Each structure stands twice: as structure tokens, then as C-alpha cells.
Amino acid sequence: MATTAAGRPTAFASPHYEMRVIASVDLRAIRHNLLQVRRYAGDARVMAAVKADAYGHGAVPVARALAQAGADALAVACLEEAVVLRRADVGLPIVLLEGVLSADEAAAAARLALQVVVHAPWQLELLAGLPAGVAPAVWFKLDTGMHRLGFAPQQAGPLHAQAVARGWSLCGWMTHLACADEPGHPLTGQQLQRFAGALAGLPGARSIANSAALIDHPEARADWVRPGLVLYGASPFADRDAAGLGLRPAMNLDARLIAIQQVDAGETIGYGAVYAAERPLRVGIIAAGYADGVHRVLPSGTPLLLGQRRVPLVGRVSMDMLAVDLTAVAAARIGDTVRLWGEGLPAEQIARRAGTLAYELFCGLTRRVHFRYHD
Ligand SMILES: Cc1ncc(COP(=O)(O)O)c(C=O)c1O
């Protein structure tokens, strides 16, 4: 931080300009986490979930890092996401997890050599409408108990027959577990049984495991695992942290201290006056708010990280700012960097305070956040 001769801050330290909210993404951590995934996955191949802009981390740089580190395929939710990766020349198979939504998308998917998940009869029709000689590469999705997408398990035989009759290339069979992150949940065993039963005797690769199943359900690893969250260094479990699983957080979200207020006991802070100072407080105003992706529901007491010290949020998060109690950090100065989540302050902990998951925090970052990549 630059200071005047009198020791007062002049401006932020950058020779150009200093950014407000910065998401620093460490691609080395992504590669490390992929190696960890490989350790859990055994012989299974890895289809890395990079949907939703790589869970808010930036699809292209993340996909390139994953390709470099040896991922076998990438999974995205929709055609638009696949197009971004193809334009960036990421040279891995790409799987469309929700498949195609229209005849145009079916044609585009074939042109881009995408592997499409087929989860419903109307999608079979879209693929059947492709011109003769265009053979789509398909994953059939079975609904074994999640009841979100997929054919009934007893449809597996007829689906296979249809793929053979139409000359489609069968990549494999997929299902998704509803409760893999809840140890001992009976639905997981039921889903695994239904999947195995439905596919007995049928050819084609099997894919079941998300991050939680990859770690906790070796019997679900099958031919392809489909991890997302763990690649970004967060734990899918409520009771186990990422470090204990051998993962490194890939994102640090940092913002700047832009004002310091001395608030008397009994005064309130921020919108709605929901927080009243019980004693005189030194309050720091951080330039990050819900318009950046910091959840407004975060309660007072939620920790942020200033250097090595945790400082508690006080009052409501507003659109562009939030306030913290700086009383414990006498050395805090305008321009200091304050961590919202990342190393030293797992996103999972912040998510819990907001009543949500790290998935939603990551995906909720807005376009106002600046991204920096470290490699
Ligand atoms: C079909 C499918 N497979 C895999 C994943 C990856 O899940 P996770 O991020 O929990 O590993 C998702 C994510 O929601 C998904 O929808």
C-alpha cells in the first residue's frame, strides 16, 4: 500500500489501478485436485464436470488445465457451454449432460462431435431426425431414484436395441445419485442396485459417481467418474473438510478495505439497522456485495480473513459493500485485502453460514468480479 510522508494512504498500490473484487484461480490446485481424483478413481476414467463456467472458475482456463493434467473427458450442461470449449480448441471429448434441446442443437452436436446424453423419448426423436449417415454418440441416462432426468431402468434393453438399429455410437450408460454426500443413506445402495440390474448383460461403459460417490462409494466408481466440486478443491461432505480429503481450494476471492468508521456503542451499522454495536467499534467497509456474488443472507458473525486474522461481518451485506468489525486488527488500513473465501477460509464454511453449498457460492460470482489465473 502506498503512503504519503505522513503515513496516510495515497491510493491503492497498483501502478495502474487496483481491482475491487478479485477471484484468483490457481490452476495448479485444479491439476493437483485432478491427481487426487485419479487416486480415488482407481482405473476409472475421469469425465471432469466443467459446466456452469467450470463452477464459476472459468471454463476455458480450467478445461485447458484439466486437459494438460490428463482428464479423459469434459462434461458440460448445454450446447452453449460446449461451443465455448470447442472454440478454445480444448482437445477432449465433451459430454452434454442434458443432451440436446432442438433439432438444430442435435445437428450442431453432431457437427462438433459432442457426446450427448439422452434422457427422454423426445430427445431420441431429435437424434432420429438427423440426416442419414450422421451417427450421434450417445450416453443413455437412467433414472434410478433421483427422479430428475432419465429413462426408467426397464427401458435399458429397448434403448440399446434402438441405438443398434439406428447405427448410433453408444458411449455408455449414466445415472446420478441423489444422496451420495450423506453417508449411509439407503437410497444410494438402491440406486446402485437398480442401475446394475437394469444393465445386466448389456454392453457399454457405466458412469455413476459424482464427487461424493467417488470418495465414499468405491462400488460406484464403475468405468467413468464424473467429479465436479472436488476439482475446485471443496468438500462435498458436511462433516469433512477439503484439506482432509487431500484437496486444495482453487479459488481465492478477495476484496479491498475502502473505509474505516469509528462507531459508538449503541449505534447501528448498515441497512435496516439490524446490527447494533455493543461497545465502541472500529468498522471496516469492504468493497464487495451481493452484486459481486456475496450472499445477502450471510449473518453477522460470518468470518472474513484479514491477513491471518478472522474478522466478523457486522450488519447486512449490501449491493456493493459489506462491513466487518476491525476491533481485533489495529493494523488494518485502507487498501488492505480481505478474503471472502479461499485458502485459510474454506468456501464451504461461508456457504454453511448462508444456508447453502460451496457450489452456489462459486456459481454465483457475477461479471463484476475480475478473474486472475495462476499457473
Ligand atoms: C449429471 C451430473 N454428473 C456429475 C456432476 C458433478 O457433481 P459434483 O460436483 O457433486 O461432483 C453433476 C453436478 O451436478 C451432474 O449433474
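**Around the ligand**

Arg-226 places a polar side-chain atom 2.9 Å from a nitrogen atom of the ligand. That value, like every other here, is computed from a predicted model. Lys-51 has a polar side-chain atom 2.9 Å from an oxygen atom of the ligand. For Tyr-359, the separation between a polar side-chain atom and a ligand oxygen is 2.5 Å. On its own the ligand has 400 Å² of accessible area, and the protein covers 91% of it.

Now step back to the site. The ligand sits in the largest pocket. Around the ligand stand 13 residues. The nearest of them are Tyr-55, Ser-211, Gly-228, Leu-229 and Tyr-359. By class, the shell holds 5 nonpolar, 4 polar and 4 charged residues.

The structure has 6 aromatic pairs. One of them joins Tyr-55 to Tyr-232. Two values describe such a pair: the distance of the ring centres and the angle of the planes. Here the centres lie 4.8 Å apart, with 25° between the planes. The pair counts as stacked because the planes are under 30 degrees apart.

Where in the chain do Tyr-55 and Tyr-232 lie? Tyr-55 belongs to helix H2, residues 51–56. Tyr-232 is in the loop between strand S9 (224–225) and strand S10 (251–263). The two tyrosines are 177 residues apart, and their pair links distant parts of the chain.

Terms used
Residues are numbered from 1 along each chain as its sequence is written. This is a predicted model: local features need pLDDT of at least 70, side-chain atom pairs count only at pLDDT 80 or more; totals for chains, interfaces and linings use all residues. Side-chain values use heavy atoms; hydrogens and water are left out. A residue is near a molecule or strand if one of its heavy atoms lies within 4 Å of it. A polar contact is a pair of N or O atoms within 3.5 Å; within protein, one must be able to donate a hydrogen and the other to accept it, and residues adjacent in sequence count only if both atoms are side-chain atoms. Accessible areas come from the Shrake-Rupley method with a 1.4 Å probe; for residues, only the protein chains shown count as cover. On a 1 Å grid over the protein atoms alone, a cavity is a set of points where a 1.4 Å probe fits but cannot get out, and a pocket is an open set with protein on both sides within 12 Å along at least five of seven lines; lining residues have an atom within 4 Å of a point. A molecule sits in a cavity or pocket if more than half of its atoms lie within 2 Å of its grid points. Ala, Val, Leu, Ile, Met, Phe, Trp, Tyr, Cys and Pro count as nonpolar, Asp, Glu, Lys and Arg as charged, and the others, Gly among them, as polar. Rings of Phe, Tyr and Trp (its six-membered ring) pair if their centres lie within 6.5 Å; planes under 30 degrees apart count as stacked, over 60 as edge-to-face and the rest as tilted. Helices (H or I, at least four residues) and strands (E, at least two) are DSSP runs, numbered from the N terminus.
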